[in-house]
Amino acid sequence: MKRIFAAIKIHPSENLISLIYQFKSTLRNENIKWVEPQNIHITLKFFGETEDYKIPEIVDQLAVVARRHISFKFNINGAGVFGSSYDPRVIWFGISESPELQNLSVDVLNSIEIIGWEKDRQNFVPHLTAGRIKHLSNKLMLKEVVDKNKHLEIQEEKVEAFYLYESILKPLGPIYNILETFNLK
């Protein structure tokens with residue numbers, strides 16, 4: 001069994017790394033599980049615990065998807081929170097509207113549905129998870145730092161491939177191993 005997901009790897013610029021550390025510093029007294037910059041990605045499909053014998057079929061479907069798409073770019077901009085202002089759960093950085101990213105996501109979900117993987121119930125909302133909030137005592141400080149960066153242009157990202165990752169959960173945070181690379185045309 002492997003815990004796997006398909007995702008686009010983000011190559012964090014100095015600007016993005018600096019922004020993450022700014023958030024971490026400002027909210028240092030809060031109980032937030034921060035994502036390490038090298039682990040930042042856009043999830044296309046989370047498969048979860050998957051039996052080894054099912055992985056080759058997933059790889060085959062994702063390879064077909066990759067051959068149907070060309071490389072593209074999008075912008076990372078702005079910060080926000082999932083959850084309510086009373087109960088924020090996730091701090092994220094936004095992704096500009098990208099028809100190519102949306103089309104890739106839909107194609108991934110449709111293609112793996114053919115082999116028995118149900119589509120996620122929620123619509124695809126491309127974002128970069130920066131931190132998962134465990135407990136927050138100063139909600140006003142979170143609101144201030146998010147509002148300050150709500151419209152910030154962070155970086156442009158070029159997508160030439162997506163990946164199938166294995167996620168190995170460790171006490172200090174997950175380790176992501178690339179199982180397969182799917183190059184776009």
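1. Lys119 is partly exposed, at a relative accessible area of 38%, where buried stands for under 20%, exposed for over 50% and partly exposed for values in between, computed with a 1.4 Å probe on protein chains only. Its side chain forms a salt bridge with that of Glu113, at 3.8 Å from N to O, the term denoting a side-chain nitrogen of Lys or Arg within 4 Å of a carboxyl oxygen of Asp or Glu. Glu113 is likewise partly exposed, with a relative accessible area of 39%.

2. The model is predicted, so that local features need pLDDT of at least 70 and side-chain atom pairs count only at pLDDT 80 or more, while totals for chains, interfaces and linings use all residues. Residues are numbered from 1 along each chain as its sequence is written, and side-chain values use heavy atoms, with hydrogens and water left out.

3. Asp52 and Lys2 join their side chains in a salt bridge of 3.5 Å, N to O. Asp52 lies in the loop between strand 3 (41-50) and helix 2 (55-67), whereas Lys2 belongs to strand 1 (residues 2-9), so the pair ties together parts that are 50 residues apart in sequence; helices (H or I, at least four residues) and strands (E, at least two) are DSSP runs, numbered from the N terminus. Asp52 is partly exposed at 41% relative accessible area, and Lys2 is partly exposed at 23%.

4. A salt bridge also links the side chains of Lys54 and Glu51, at 3.8 Å from N to O. Lys54 is partly exposed at 32% relative accessibility, as is Glu51 at 33%.

5. The structure holds 9 salt bridges, and Lys143, Asp147 and Lys150 are linked in a network of such bridges.
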